[in-house]
Every structure is written in C-alpha cells, then in structure tokens.
Amino acid sequence: MSALSLDIKKKFKSLIGKQDSFTSPVDEQIDRDSFPGDLPAVAKYKHTVLANPHEEQEVLEGIENIYYSHTDTSLYELEKLPEVLDLQDIDADRNRLRKQLNVVSKKVSDLVLQNHPAYARELQRVMELEKTLQLASVICANGRRNLSDARQIFTSASLKMLANVRKRQQLTGLLKSLRTIKTLQRTDLRLRELLEEEDYCGAIQLCLECQQAASTYRHFKCISELNSKLQDTLVMIEEQLDVALSKTCSNFDVVHYEKVQKAYRLLNKTQTAMDQLHMHFTSAIHNTAFTIVLGYVELCSGTTNSNFHKRQYTDLCKNVTQDSFTPCLIDLCKALWEVMKSYFKTMQWHEQNDINVQDKDETEEGTEEIAFNKKYIKQKLDHGLTRIWMDVQQKVKLFVLGTDLSHFKLEEFIRVLDIIHRMIEIGEEFCGSKSDGLQDSLKQQSLNYFKNHHRYRMDELRMFLENEGWELCPVKTNFTYSRLLEFKFMKHWNKSPELSPRGDSSLTTDNKVVYFKDFTDGATPFDVHPEDDENEDVFSYSFDSEGNDSDSDSDIPDELKQDYIDEITGEARSHRQYKRRISHNRSRKNVPIVTNTTINLLRVIGKYMKMITVLKPIAFDVIYCISQLFDYYLYTVYSFFGSHDSVRNERAINQRLHLTLQRIHSNVIAEKATPGAPPVDSEENQDRVPQPHLSPVVDLTAADKLFGLSERVVAAESLVFLANQFEQLQPHFETMIPSNKKAFLQQFYSQTISIASELRKPVYWAVSVHAIDYNGVINLMANVRWDIKDIMSQHNAYVDDILKKFENLNRKLSDISRRLPIPRVVYTSVWEHCVRLTNRILVEGYSNAKKCSNEGRAFMQLDFQQLLSNLEKMIDLRPIPEKEFVEGYIKAYYLPESQFDSWLLDHKITRFVLHSPLYSVEGYIKTYYLPESQFDSWLLDHKEYSPKQLIALINSVDHLNKKARQRLITVIEDMERTRR
Amino acid sequence: MSESYDFLFKFLVIGSAGTGKSCILHQFIENKFKQDSNHTIGVEFGSKVVNVGGKSVKLQIWDTAGQERFRSVTRSYYRGAAGALLVYDITSRETYNALTNWLTDARTLASPNIVIILVGNKKDLEAEREVTFLEASRFAQENELMFLETSALTGENIEETFLKCARNILTKIESGELDPERMGSGIQYGDSSLRRLQQREQQRQKKGICDC
C-alpha cells in the first residue's frame with residue numbers, strides 16, 4: 001500500500017516538475033474552449049498560494065499519505081480527532097490543512113499552467129487527427145462508390161459469358177441428340193434390312209433399343225413422331241413375325257422357328273405366339289387342303305372360267321375326277337402330313353428348348369412366370385394335337401367321301417384304303433385318336449365299293465356259270481385253295497388261324513413304323529410307289545397255281561401230251577386217248593373235281609379275304625358276300641342239274657335242303673324281269689343276280705352219256721369240293737368276322753355248307769330216273785300171271801330185263817369213269833337211286849296183279865331173290881337199299897290179321913327214321929301174308945305204299961274175307977283222307 | 001351296273017401255251033405288263049368297254065389256257081364267241097405251226113361267222129424272231145384273217161388288236177352280214193341300244209295302229 005502511494009506521489013511530483021518546464025501552445029485555447037467555467041475557480045486558488053517554494057515543499061511533504069489513497073479523507077480527519085476536542089488543535093489542523101490545500105492547489109495550478117502548451121499542442125494534434133479522419137472517411141466513401149460501380153460493370157459481362165458457354169454446351173448436347181435421332185431415323189432402314197434377313201430377334205432388339213432411346217428424347221417433337229413410327233415398325237415386325245410363324249406350319253425349320261420363338265420371347269409374347277401358331281395351323285390345314293384340291297379340279301376341268309376357287313371345299317371335293325382322285329389324295333395326305341409333322345416338330349422343339357430355357361433362367365426372378373408360360377405352352381400344344389388331327393381328318397374325310405370310288409379297280413381302291421389307313425395310323429401316333437371320322441368314311445367307301453365290286457363279281461360268276469361246260473379242270477391231286485396265289489397272303493397264318501389276321505395286326509404293331517420318327521426328312525409316308533406296295537404284289541400277279549401247274553404237267557408223260565395235241569386233228573382217235581387218260585386218271589384216283597368256275601370262285605374268295613385284311617370294318621359284309629358266292633354256286637348246280645320238272649320229286653330233296661334253296665332263291669336270285677310287268681324294285685334287285693342259264697354246250701338229254709352224268713358229277717362234286725374248302729377256311733372266317741356276327745357264320749355253315757353234299761341226291765337222281773326204262777319193266781310185269789297153282793323154279797323174264805338194263809348202266813358208268821374219275825359216292829348214289837326206283841316199280845308191278853295165289857306170292861319172292869343175288873354180284877352196294885320195301889309188300893300177304901299191329905309198330909320206328917322216305921319192295925310183297933287183324937295197323941304204318949298198291953294188296957290177299965277187305969279198304973281211304 | 005353300252009361282244013383269246021395270251025389281256029385291261037405270269041388254269045375272264053366308231057362296245061373276253069390238258073375245259077367257252085384273237089409267238093415256230101389246229105377248233109366250235117384276228121405276239125423280241133411278218137400275213141390272207149404283230153410288254157398294237165376286231169364285227173352288223181339277234185352270235189345289245197330298239201318298235205306299233 002505504501003509502495004503504491006509512494007509511486008503515485010512520485011508521479012505527482014514528476015508531473016509537477018514537468019509543468020514548470022514547458023507550456024503547451026494550445027493552453028490558452030484549451031482554457032477558453034474546454035474549461036470556460038473553471039477558470040474563475042482556478043483564479044481564486046491563485047490568491048491564497050504561498051509564494052515560498054521551500055515552504056511549499058515542506059508542506060507538500062507533510063501531507064499525510066492517507067490523502068494519496070482513495071479513502072474518505074474527511075472521515076479520516078474526523079476519526080483522528082481526540083476525544084476531547086481542543087479548538088486549537090483543531091484550528092491548527094485546519095490551518096495546516098488549509099495551508100496544505102493551498103500548497104496543493106498552487107502546485108496543481110502550477111502543474112496545469114506548466115502543462116498547458118503540451119495540452120494545447122496535444123489538442124492541436126487531436127484536431128489535426130480529426131481532420132485527417134474526416135478526409136479518410138471521404139476517401140473511403142469515394143472508394144466505396146467506385147468499388148460498387150466497378151463491381152456492377154464486371155458481373156453482367158461475366159454472366160453473359162457464362163450464359164454463352166452454357167448455350168454452347170447445350171447446343172453440343174442437342175447436336176449429339178440430333179445425331180442419335182438421325183441414327184434412330186436410319187435404324188428404320190436397318191430394321192427393314194433385318195426383317196428381310198429374317199433376323200426378327202435383331203430387329204426387335206434394335207427396335208426396342210430405339211424405342212428406349214427415343215423415350216429418352218421424348219422432349220423432342222420429332223421424336224414423338226419417330227416413336228409412333230417405331231411403334232408401327234414394331235407392329236409391322238410383329239406382323240412379319242406372324243407371317244414367319246405361319247411359315248413354320250407347312251415346313252418346320254428349327255433355325256427359323258428358334259429365331260421366331262426368340263423374337264416372341266423378346267416381345268414377351270410367347271403365349272400370344274402359341275395362340276397365333278394354333279390359328280396358323282388351322283388355317284394352314286384348310287389352305288393346303290383347299291389349294292391342292294383346287295389345283296387338281298382346275299387341272300382336270302381344263303376350263304379356267306368356272307370359278308372353282310369360290311367354291312366350298314366340300315363342293316370342290318365333289319368335282320375331283322376319278323382319275324385324279326388317287327394322286328390328289330396322295331398329295332393331300334402328303335401336304336397335311338407336312339403340316340402335322342411341323343406341329344410335331346414344334347412340340348418337340350418346345351419340349352427340348354423349354355427345358356433349356358428353364359435351366360438358363362433359373363436364377364432369375366421370373367422363374368415362376370416362365371414356368372407358368374411353359375405350362376401354358378405345353379397345355380396348349382397338347383390340346384392342339386387333337387384339334388389339328390380333327391381338322392386334318394375332316395379334310396381327308398370330306399375329300400374321300402366326295403368321290404364315288406365304286407368303279408375303281410381293286411388295286412387302286414386298296415391303294416386308296418392303304419393311304420387312308422396310313423393316315424389313321426398317323427393320327428393314332430399323332431394324338432392317340434381312334435379317328436372315328438376317317439374310319440367312318442373308310443367304312444362307308446369300303447362298303448360302297450365292295451357292294452359294287454361284289455355286284456360285278458356276282459355278275460361275272462353268273463357269266464362263268466353260263467359259259468361253264470362242267471368239264472373237269474385238271475389240277476394237282478393235292479389242290480386246295482391255299483395253292484392259289486390269291487391266298488398266298490395267308491400262307492404265314494395258315495397253320496394257326498388264331499394268330500391272324502388280328503394276331504397279324506398285333507404283330508405289325510410291334511415293328512410298326514413310327515411315322516414321326518421315320519420320316520423326318522423330306523420323305524413322307526405316302527411316297528411309297530404302288531410297285532413297292534406289298535398289297536399290290538398279290539393282286540398284280542394274276543396267275544399262279546405256282547409250282548402246282550408245272551408239277552401237274554410233269555405228272556403227264558410226254559408221249560401223253562403228244563396224244564393230247566393229236567386229239568384236235570381227228571376225233572376218231574379220241575377214244576383211244578380217252579383210255580390213256582383214264583389210266584392216267586386212275587392213277588390219280590382222288591383227284592379233286594373242280595371246274596373252271598370253282599377255281600375262279602375260290603380266287604374271288606381269296607381276293608375278298610385279302611380285302612378283309614384291309615377292310616376290317618366291313619369284314620362281316622365281305623364274309624356275307626363270300627357266302628353269297630357259295631349260295632349262288634350251289635343254287636346254280638341245283639337249278640342246272642337237280643331241278644328238272646320231269647323228275648321233280650320232293651322225296652329226293654330233304655327238308656333242310658329245300659329250305660336252304662328257298663332261302664337262297666329269295667336272297668340271292670333276282671326275279672326274272674317279265675316284260676310288260678312293272679319293273680321289280682330295282683333297289684332290292686340290285687343286290688341279286690338273275691338265275692343263270694345252262695350253257696348250250698351241255699347236253700343233259702343224251703342217253704349214251706347217261707344224261708350228262710359226267711357234267712353232273714363235275715358240278716355236284718365241285719360243289720362238294722367247294723364246301724370242303726369252305727370248311728377249311730372256316731377258322732379263318734371265324735377270326736375275321738366280328739364276334740357279334742359269329743352266329744351268321746354258324747348258321748351259314750350248318751344250313752348251307754353242310755347241306756352241299758345233300759345236293760348229290762337230286763343231281764344224280766335224274767340220271768337214275770332216266771337211265772333205266774322203268775315203264776318197260778312195268779309192261780313186262782303186266783304180262784306175268786300170279787294166280788298160278790304150282791311153285792315155279794324159273795324166274796320171270798322181267799328180272800333179266802332189269803338186270804340187262806343195270807348192266808347197260810354199269811357199262812356206261814365205267815365208260816364215263818374212264819374220262820372222269822367218278823367218286824365212289826357217285827356210284828353209290830346212282831345205284832341206290834336205281835335200285836330204289838326199281839323196287840318201287842316192282843311193288844307197283846306186283847300191285848298191278850289182279851289176282852294172286854300163294855304160289856304166285858312165292859313166285860314174286862323167287863323173282864326178287866333172283867334179282868337181288870344178281871344185283872349183289874353186279875354192284876357193291878350193301879345192303880341193297882329198300883329190299884324190305886318189296887319183301888314187306890309180298891310177305892304182308894301172309895300176315896295174320898292179329899299180328900298186324902305189333903309187326904308194324906316194330907318196323908315203323910326203324911324204317912321211318914332210318915330209311916325215310918321208304919319204298920320197300922320186300923315189305924310190300926310180304927304184306928300179302930298178313931292176317932286181316934294185322935292189316936289195320938300195318939296199313940296205318942306203311943304209308944310208303946300208295947293207296948293203290950295197298951288196295952291191290954288187300955284185294956289180292958286170298959285169306960281175307962270180303963268183309964275184312966271192305967273194312968281195310970275203308971281204313972286205307974280214311975288214311976288217304978287224313979294224309980291230305 | 002352303271003355301265004351302259006350299245007353292244008356286248010364275246011371274245012376269245014386262243015393260241016398255244018406261252019404265247020402271251022394272258023399278258024395281252026392284262027395289258028389291254030390294266031395297261032400294264034404282267035410280270036411273273038404263270039400258266040393259265042382253265043379260263044380267265046376280263047371285260048372292258050371300248051369306243052368303236054362312236055358306239056360303246058363292251059368286250060367280254062375269255063382268256064383260255066393254252067396248255068393241252070385244259071382243252072376240254074376251254075372248248076366250252078368257244079361257243080358263241082363273236083371274235084377271237086388267235087395268238088402265236090413270233091419267236092417260236094412251234095406256236096405258229098399250231099395255228100391251223102387252233103383255227104379249225106375256233107371255226108368248228110365257235111360261231112361260223114366268228115371274226116378272227118391273227119396276233120403275232122412278242123414283237124419286242126425282234127432278235128429271236130422265228131416267224132417273219134410276211135409269212136404270217138400270207139397265212140392270214142389265205143385264211144381270211146386280220147393280222148397284227150403286237151407286244152404285250154410294250155403295249156404296242158394291243159388295244160389296236162381288240163379295236164380292229166370289234167370294228168370289223170360292227171361293220172358286219174351294220175352291213176347285215178351278222179345278225180346280233182341270232183342265237184350264239186356272241187353279240188348282245190346293251191341297255192342303250194335295247195332302249196333304242198324298243199322305242200323303234202313302239203313307234204312301229206303306233207304306226208300300225210294309225211294305219212288301222
């Protein structure tokens with residue numbers, strides 16, 4: 001504290017010291033300006049100041065320090081006062097203080113005076129400084145003004161510059177855009193190029209890029225136009241793509257299709273593409289079919305003016321000529337096959353490629369969508385299969401049904417069938433369709449064709465029969481239908497008919513061609529030439545009997561052949577040659593007896609059976625027609641040889657045969673068109689054939705040829721041979737015929753085939769009737785007297801007559817048998833008939849006897865025994881048929897009336913069952929011996945005797961009384977009445 | 001039968017074995033040569049409608065077996081034939097030598113007015129020829145036959161042969177030399193000519209009525 005106060009004291013002192021040395025120039029000025037009010041105060045102080053400097057110094061030094069500190073001096077002074085105030089002290093203090101104050105004031109005044117010039121000087125400098133500051137402010141203001149001016153001028157220029165730069169930049173950008181736009185404009189050209197190159201993918205990609213680019217330049221007005229143009233181009237590309245897609249329909253090309261598909265995928269339109277594709281296939285099918293048919297129709301019509309292209313397809317098909325049908329069908333099938341193949345390949349492509357696509361894109365997010373797309377495409381394609389096949393089928397069906405094929409040659413028709421069949425197979429492979437439409441048309445056309453074909457064949461058969469000389473056609477001993485070339489096709493299934501033809505078809509399915517795999521190249525399944533066709537082979541050879549022919553030739557020794565040739569020159573020699581031939585024939589005892597017609601008929605059957613293999617749907621109709629062929633042959637043989645009015649004898653034809661003949665007559669034989677009568681319903685008559693007329697070459701009246709016996713033998717035996725062949729064919733028919741029609745076949749076999757041999761009876765009967773002059777025998781017998789009284793030992797002359805006639809017949813028979821091998825059954829039949837007829841004549845002759853004695857009855861028996869024993873020597877027929885008929889009649893004479901009933905009942909069953917119709921000479925003769933009591937029942941049972949014979953018997957019986965006779969005659973008359 | 005024709009002629013094809021009778025017929029009907037043909041058994045048949053001088057004629061052709069052993073079978077077909085092709089093989093003198101026999105057969109068994117054309121077949125085998133054209137045509141002239149050489153292989157003259165024969169028959173009918181209505185003439189009126197005949201008859205009857 002003291003230090004500080006000391007410091008201030010020093011400063012104060014130094015300050016006073018300085019004031020003395022100088023006066024400031026500005027002292028007065030400060031006096032006047034700054035302290036005008038203070039001046040008097042200062043002046044007042046000056047009056048009290050002591051004049052002595054040392055005293056003053058002392059005073060100054062006596063100033064307590066406290067006054068230099070900043071304390072309340074007044075308070076200090078007060079506190080210093082003693083408790084007891086002493087005025088003196090106080091006054092002293094006050095003087096001292098006053099003095100001090102004067103000194104200090106004087107000192108201060110001195111200092112002020114002393115420092116005044118400095119003050120003035122300093123004031124002057126401040127003034128100066130103020131002046132300078134004012135100047136500086138002006139300069140600053142000026143500077144600022146200038147600066148702002150300068151700044152203003154400088155900014156606008158640079159801005160302009162900047163703007164320019166920017167403009168330039170923008171323009172550069174625009175130029176670039178314009179260049180791009182120019183390129184864009186040019187791409188249109190490039191796009192067209194690409195399209196021409198069929199690079200759809202590139203085109204689309206380019207187009208899309210362009211579009212994208214264009215969208216960035218959307219703000220340009222020209223771009224919007226370009227954009228729309230691009231859009232148009234894109235649409236155009238799509239159209240082109242569509243066209244390209246449609247091309248795949250007719251000719252699938254993997255590269256091409258891949259391009260198209262890729263393009264569609266780019267467009268993200270794979271589904272649409274699929275829909276389009278199906279549409280294209282549909283139209284492709286229609287267009288191809290139409291174009292092909294139109295082409296053929298125009299080609300054939302020759303005239304271009306008829307507007308065929310405006311016609312409906314169905315209509316058009318009706319205008320196809322028969323000549324152009326097959327090539328047109330082939331072309332149609334080929335074209336449709338191409339379409340189907342394209343579709344198939346499309347599917348294949350999708351199967352393969354869609355997998356690839358999935359593999360590739362698996363990582364991408366769109367997998368789900370792709371999978372969906374894939375599924376869609378697959379479904380669509382699968383569904384399309386059936387639809388496309390339906391379309392194809394429809395086209396082919398309409399075409400096939402448009403033309404009447406009934407006049408086609410068989411080979412050609414088979415070819416047509418084969419083509420359609422192949423189409424069906426393709427269809428089955430294509431989509432597993434049963435192709436009902438095509439099958440239907442196939443059936444319809446087949447039936448139509450076959451009916452027509454059959455009509456011709458039946459007519460031809462009639463012609464053959466009308467020209468048939470019923471000569472034996474020499475064939476090999478072991479000749480059967482299978483030897484004929486027409487049956488060659490069955491060779492491999494001859495042994496086991498079960499295997500065929502159905503087994504056959506199953507066989508073929510095993511190594512069946514897989515059309516869509518086997519015909520991948522340009523080849524089509526319809527390229528096969530008819531020459532290569534398996535079907536064709538069989539029908540094109542016509543002649544055959546393969547080894548058979550030459551074999552049978554070698555059977556004949558050369559010299560014999562020479563004889564044959566000689567035969568033409570002179571008829572005189574023929575007899576000798578016939579003999580040679582017999583020996584030859586004998587060596588071939590069991591030579592089949594066939595006629596030229598038989599062989600031809602078998603050939604026709606062979607062809608029909610071959611047809612069944614291709615015409616399965618109409619198998620039944622064909623078999624029915626085969627049965628008609630046989631029916632007609634059978635009926636003809638009957639009408640030629642078995643139905644002569646003069647010998648018509650219901651007994652010769654049994655009931656079953658009669659029914660069969662009636663059935664054939666009403667089913668097969670056309671009514672004779674009677675002139676003047678209304679024409680028979682042609683519809684109904686169309687399927688029937690008029691009854692044939694026997695060739696005028698055949699003479700059935702010549703007695704020396706036994707009334708055409710050889711022709712009869714050939715006819716009847718060829719029929720039996722034919723029936724035999726039918727029996728061998730039966731298993732084949734069984735497999736061919738639909739199971740629901742088997743009943744027909746059974747009926748045919750049981751009612752017709754098995755009856756065939758029955759026809760021998762009426763055929764040979766006629767010979768037996770004419771060969772022997774039965775009336776001559778009757779006349780001879782009329783001369784015999786039976787009422788003799790002696791037992792005779794020599795038989796009657798009529799017996800010799802009969803035997804002579806039989807010998808004559810025997811000779812003629814052996815004559816004929818030299819030329820023709822006569823089967824034993826024929827001998828039997830002829831002899832049986834002759835013997836039966838003779839027996840009948842004998843009974844008739846015996847009944848003519850007005851009177852008869854016991855001896856006469858014995859005479860009859862003698863004669864009959866004589867005849868029998870000689871007959872047995874002459875012919876090897878055992879037992880002699882209907883022996884009992886005569887014996888019974890003779891012996892009836894001896895029967896007692898009482899035994900009649902039982903005797904008759906015994907014989908009734910056996911006789912009528914086994915030998916119906918019965919004519920027993922023996923029985924008749926023996927009846928003579930019957931007692932009256934037995935006559936009644938005898939009469940009732942022996943209906944084989946005529947009433948006339950019975951009455952004659954009754955009348956000739958001696959041991960009956962008149963009354964009994966009368967009664968028996970009434971019984972006979974009653975019988976006669978009930979019989980009617 | 002939708003076929004309609006004016007006339008039906010019955011034709012025969014005869015000649016020794018192996019002369020190509022069946023091939024001729026096959027060529028005529030099918031327009032094809034028949035390979036691997038065997039000997040004919042008995043008689044074969046074929047028919048074709050041809051146009052002769054503006055008339056349609058149905059030819060009913062019987063192709064007979066040439067082999068001797070079938071003679072008895074074939075002769076029954078001779079009857080009532082209007083025309084016959086007598087075939088020999090120009091490469092086989094033997095078949096030519098047999099012609100006389102065949103001719104006698106045809107003339108005696110068939111209708112006496114039968115029109116016969118001599119056919120020298122296998123014309124294509126010129127190198128193996130044994131019978132000259134001149135020789136055969138002289139034979140034809142002597143026997144009042146028409147004559148042509150044919151080839152069933154190439155089809156040369158095949159149709160011509162049948163047409164020539166049919167034309168000859170038609171001319172004879174028109175000149176009245178042949179009467180189709182006579183039994184065994186081998187000629188029948190077809191549906192169309194029958195209709196025409198009936199019309200004529202009806203007109204005649206009408207006229208008759210008018211006359212009364």
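This is a predicted model: local features need pLDDT of at least 70, side-chain atom pairs count only at pLDDT 80 or more; totals for chains, interfaces and linings use all residues.

1. Two residues are taken to be in contact if their C-beta atoms, placed from the backbone, lie within 7 Å. On that basis, and not counting residues up to four places away in sequence, Leu706(A) touches Val767(A), Ala771(A), Lys812(A), Leu813(A) and Ile816(A).

2. Residues are numbered from 1 along each chain as its sequence is written, and chains are lettered from A and ligands numbered from 1 in the order in which they are written.

3. Leu706(A) is found in the loop between strand 2 (689-690) and helix 26 (709-736) of chain A, where helices (H or I, at least four residues) and strands (E, at least two) are DSSP runs numbered from the N terminus. Leu706(A) counts as buried because 23 other C-beta atoms lie within 10 Å, the cut-offs being 20 or more for buried, 12 or fewer for exposed and partly exposed in between, with C-beta atoms placed from the backbone.

4. Chain A as a whole has 37 helices and two strands, and buried residues make up 34% of its 980 residues. Of the contacts in chain A between residues at least 6 apart in sequence, 83% join residues at least 24 apart.
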